[in-house]
Structure formats: C-alpha cells, structure tokens
Amino acid sequence: MRVKKLLSTIVACTLMLSLVACSSGKNENASQNEGNPTQEASTDNGSEGGVKIGVLMKTMSDTYSNKLGTAIQSYVETQYPDATLYLLDGQADIAKQISQAEDLIAKKVNVIILNPQDADGSAQVLDLAASANIPVVEVNTETTRTDYASFVGSEDVEAGEIMGKYVTEQLGGSGKIAILEGEMGQSAQIKRYEGLENTILKEAGIECVATLSASWSRSTAMSTTEDWLGKYKDLKAIICENDDMAMGALQACESQNREMIIIGTDAIPDALQAIKDGRLSATVLQDAAGQASTSVDVAVKVANGEEVDSRYKVDFQLITSENVDQYINQ
Amino acid sequence: MKIKKLNGMEFAKKYGILIVLIIMWIIMLSVSPTFRTTDNAVNILRQVSVNGIIAIGMTFVIMTGGIDLTVGSLIAVSGVVAGSILVANPDNVILAIIAAIIVCGFFGAINGFFVAYMRVPAFVATLAGMTIARGFAYVYSDGKPYTLASENFSLIGKGSVPIIIFLIIALISHIILSKMKFGRYIYATGGNLKAASASGVKVKAILLKVYILGGVLAGIAGIVLASRTNSGQPAVGTGYETDAIAAAVIGGTSMTGGVGTIGGTLIGILIIGTLNNGLNLLDVSSYYQQIIKGLIILGAVCFDIHSKGSSR
C-alpha cells in the first residue's frame, strides 16, 4: 500500500514538473516575442517595420497549407525583418482557430491574416477582430462574409476550368472520366467542381461515370480509385481536386498497371516529381508563394492604414512535363 | 425435427454476424458484376488490412473491459517516425520499422501504466493518450508530411503483402487468445478482475501487456498505411479508432470485457470493408454513405444480439 502511494506521488510530481517545464518554456517565448516589437516600435516609430502580424492557418499539415504558411514566414523574415509574426496552426479544427483568434487579439496584433478553416465557422474570427478593431486579410479561402479588409487568393473556379480543359484536350473530346472531390462543402471543393462543370462536364463526348469525395486524403483517394478500377475497365482519366488525392489515385493505378490521365491541383513537391518522372499527367499550381507575398504586403499596408483593394487575384498555372522543371525547385 | 431446429438456433447463436456478412455478400454479388471479380476481393482485403490490424489490438483491449482511443493517433506517430528515418536514408527500412513500432509500443505502455497502476479509467487515459500522441506526431514532423521514396519500404504496402501481414497477425492473435495462458488470463481479467486477481492472475501486468500490444499493432498498421500511400503524414488516421471499435463490437466483443474472438473481429472488419467498397461500387453519394454505414452497423449488431437472445 505504501509503495502504491509513493508511486502515485512520484507520478503526480513528474506530471506537475513537466507542466511547469512546459509553461515556463512558453513564458520565455512570449517574453521574447513581446520584447521585440517594443524595441522595434521605439526605433521605427510605427513605420513599416514594427507591425505585429497574426496569422491563423487552418492547418500546417496538408502539403499546400504547409507551403503557404512556410512561405508567409519566410517572406516576413526576408521582407519585413522588423515585423513580429505570430503564426498559429489551427490543426483543421474550427474551435481551435477561433480560440487562437482570441489569443492573437489578446496579444494586440495590428492585423490578422486569416486562412479560414471553414467558410461559415471562421466568419466568427471577423466578429472577434472587429470588436477589437483589428483588420482581417483573408488568404486562400474565403469566409461567407465580405467585411474583411481584403481577400488574397486564387479563384478556385479557374483551377477547375484549367483541369477540365486539359483533360478534354488530352482525351480528344471523348472518353470516360471520374472525379475525386475534396471535403464536401468546403469552398475549394465547391468552386473547383464548378470549374469542371463549366468545362469538361459540358462536353457531349465525355461521360463522367463516378464522382465521390475522398476528403482531400491520399489514403481515401487510393481506396476509392482501387474500387473504381475494378468496375470501370475503360476509365480514361481521373480528375482530383487536390494533389494529395491525385497521388493516391496514381498509386492505385500504378499498382494495377493501368494507364490513366490523372490531374490534381496545388503542385505539391511529390506531384511535381511525379510529373517530371512521367507518372502523373499534370497539376495546377495554386501559387503559394504568390499568395503569401501578396497577403503579407496587403496586411502590412492595412496595418499602416493605407488603402488596399478588396480583392487580389493570384493566377493559377497549368504544370505539365513540358514546364515542370521551372517549378520543381521553387 | 426438434434436434434440427435446435441446431439451427445454435447456428444462429454462434454465427449470427457471419450470416450478416454472407447476406451482404450475396446482395453485392447479385447487383454488382465488379464485386464478383477476384481483383475486387483482394482489393477489399487489402483495404481492410490497416484497420484490421488495429481492430485486433482493439479486441484484446476491449476484452479486458477497457478501450484504446489512441490508435488513430499512433498510426500517424508510426508514419512520421518511420518517415523521418526513411527520408534521411531510404535504405534504413528495418530501422524505420523497428523505431516506429517501439515508439508506438511505448505510447501503449504509458496507456497501460495509467490504466493498470494508476487506475485511471481506460477511456480517460487513452483519450489523453490520443491527443498527446497526435501532438507528438505534429511536433516530431513539424506538421509537415514526409514524402517517401524508398523502393523497399513501398513493397510492404504492395500487392498482397498487407493482407499477408494482417492474416499472420490475426492467426498469431487467435492462437494467443485460444491456446495460450496469456489469452486465458485476458479472458479472466476482463470477465471478473477481482476473481482473476484472487486466483493468482497478475492482472496489472496483463493489462499493461495488452495496452503495449495495442500500441505495437497500431504501429504496424501505421507502417502498412505509410507504405501504401508512400508518405508519413501527421494528420493521417483521425477517426480510425472508431472503425476498429466498431469492427470488434460487430464481431461480438463485449464492451464490458471477458467476451470476444479474433474470428469475430475479422468478420466485423470484413463487414465494414465490404460496406465501404460496396457503397463505392454502387455509386452511392458521399453524403448518403455515412448514413447507410451507421444504419447497417446498428442493424448488424441488433441482428447478432437478437439471434443470441432467441436461444437463451
């Protein structure tokens, strides 16, 4: 009995110690972060430099979001060395994103760059920021609201149209296709599908035999494609609303030695490499670097009270084996 | 005549859930030509192998009266640990596999320690473990997915290799449960912890071992998945624990412990796999798939309970 008590005490103490260790780590960070801007502000007198930029990423774990977040970080470091950046990873959880918005407001940032997790849910961030008089610049995805300072993104409809046109050309206007959709209800899914509806789904010669959601996920896309390959022996092309799903579809086709036109969107590194190796047909680049630099530039302008446009469009580009080399080491 | 009827009841009692699976297969075979192909059968087996491996671990844990919510997160932990090693050196396949399994086994041991020795309820202990393991996967990988380019590692997920791994694990687990002392102790611990303890079973050690086993199996499942998709992603595996729990419970494992078989879980995971595959083949839209899946799981378990009850 005594041993047991001793043991529980030891465990409890260890847990507490680790808690203290964790929180003290945070404190150090915070004081560092707080130290910088005041220093900067005193030297810069609130010019371009000492702005505090809060960034709410929906996640840092899907490949594209990671690229966008990293690009924002490195752009701020190189172009605005005096600025303080708080970049928070919402881990694909809307409740987390909202509480992180509250954290940023508590830190009194000058501007928030919002990469919404959810078109409706993330709109709350705008309310929270408005009540604290902090302007919000939305990047990549839009919320259902329009009272943001500015939106920097690419028109996802355009990505769908580029994919649709490319596959129509490759098929010579006739053949059977299937579509792998993203998480149903997200703006990227709805709009990329709209782009497909505007183009390939209108073609008389092309038959879309199946449309299913693989929720942006590589493993789900892989199993769904495996199911399709058994059923549709004459399937010619699979259009994927992102590259992770395209890579999953590719993996499934390769393991069954099936020739397939596969196209995705986002130009993630493995997709580019697969295009270079002649395995994947094409991808559409959603220009992460372009979105990152434009959104940071706009955010800094907004923070300094300058006029900005309400929308900035960053164009999509088609990447095939012909032009892949210029993107592969970007 | 009387004897024959009794046998029928006995059959339904013992094989209720198997009947559900067979009915599903008969329906699918009659409506979908694709379903009749061997390729599709192999396909289903390959798709259930990852979930099947964790469902077997889950069966052990549930049989002790516990539950293990960490397995979905451990799939991600396994993938990123193996991924980091393989990105550094694609030839270090064995090291990657061993490291991933050890790390996941360690997480299992932490679960087991808190459940067995600190007497934290399994739901709470493994719920905490779930978020800790998920956080660990993010911290370890810095949130970035690892892209794998190791030829040898990708063999694990190719062709029928995942199926063979799954079936070997199922066979070993079946032997452990039905033939070995450890298996009997698990039944005893789950059936009545105090009685087992009084009759000399070291229940705490048994619990610890069972949770370690759950972690190790999740680690193996994570490796198979990482190999299948050629990537180690920190966000992968969310919600996998629910399919594993569903498979075990459909297969007749009692949530209160003491009752369950590996064969039952195998049938459970095949029901889930057949459902996923069948709904895709029948072009059921993504929205309806979730509802139908839930209803069929509910119906299957009702049928099973009812067929058991009728002979009582």
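## Close-up views of chains A and B

**View 1. A salt bridge joins B:D283 to A:K231.** The closest N and O atoms of this pair are 3.1 Å apart. The model is predicted, not experimental. Between chain B and chain A, the count is 3 salt bridges. Polar contacts also link the two chains: 14 residue pairs, both partners at pLDDT 80 or more. Which helices of chain B each supply at least two residues of the side that touches chain A? They are α2 (38-63), α4 (93-116), α10 (203-229), α12 (262-281) and α13 (286-309). Sorted by class, this side of chain B has 14 nonpolar, 15 polar and 7 charged residues.

**View 2. Chain B and chain A bury area against each other.** How many residues are in contact? Chain B brings 36 residues, and chain A brings 31. The size of an interface is often given as the accessible area lost when the parts come together. Between chain B and chain A, the buried area is about 2,700 Å². Carbon and sulfur atoms give 50% of that area. Look for B:R228, B:T229 and B:N280. These three supply 18% of the area that chain B buries against chain A, more than any other three residues.

**View 3. B:N51 sits in helix α2 of chain B.** Is B:N51 buried or exposed? The relative accessible area of B:N51 is 14%, under the 20% cut-off, so this residue counts as buried. Set aside the neighbours within four places in sequence, and B:N51 is in contact with B:Y240, B:D243 and B:I269. Now find B:A247. B:N51 and B:A247 are 196 residues apart in sequence. In space, their C-alpha atoms are 8.8 Å apart.

**View 4. B:S73 lies in helix α3 of chain B.** This helix covers residues 71-88. Why does B:S73 count as buried? Its relative accessibility is 2%, and buried means under 20%, so B:S73 qualifies. Which residues is B:S73 in contact with, leaving aside its neighbours within four places in sequence? They are B:M130, B:A133 and B:R134.

View 5. Chain A averages a pLDDT of 85. In chain A, 85% of the residues score at least 70. Over residues 22-48 of chain A, the pLDDT is below 50. Beyond near neighbours in sequence, this stretch has 18 contacts in the model.

Note on methods:
Residues are numbered from 1 along each chain as its sequence is written. Chains are lettered from A and ligands numbered from 1 in the order in which they are written. This is a predicted model: local features need pLDDT of at least 70, side-chain atom pairs count only at pLDDT 80 or more; totals for chains, interfaces and linings use all residues. Side-chain values use heavy atoms; hydrogens and water are left out. Contact means heavy atoms within 4.5 Å. Buried area is the accessible area (1.4 Å probe) that two parts lose on being put together, summed over both. A salt bridge is a side-chain nitrogen of Lys or Arg within 4 Å of a carboxyl oxygen of Asp or Glu. A polar contact is a pair of N or O atoms within 3.5 Å; within protein, one must be able to donate a hydrogen and the other to accept it, and residues adjacent in sequence count only if both atoms are side-chain atoms. Helices (H or I, at least four residues) and strands (E, at least two) are DSSP runs, numbered from the N terminus. Ala, Val, Leu, Ile, Met, Phe, Trp, Tyr, Cys and Pro count as nonpolar, Asp, Glu, Lys and Arg as charged, and the others, Gly among them, as polar. Buried means under 20% relative accessible area, exposed over 50%, partly exposed in between (1.4 Å probe, protein chains only). pLDDT is the predictor's confidence in each residue, from 0 to 100.
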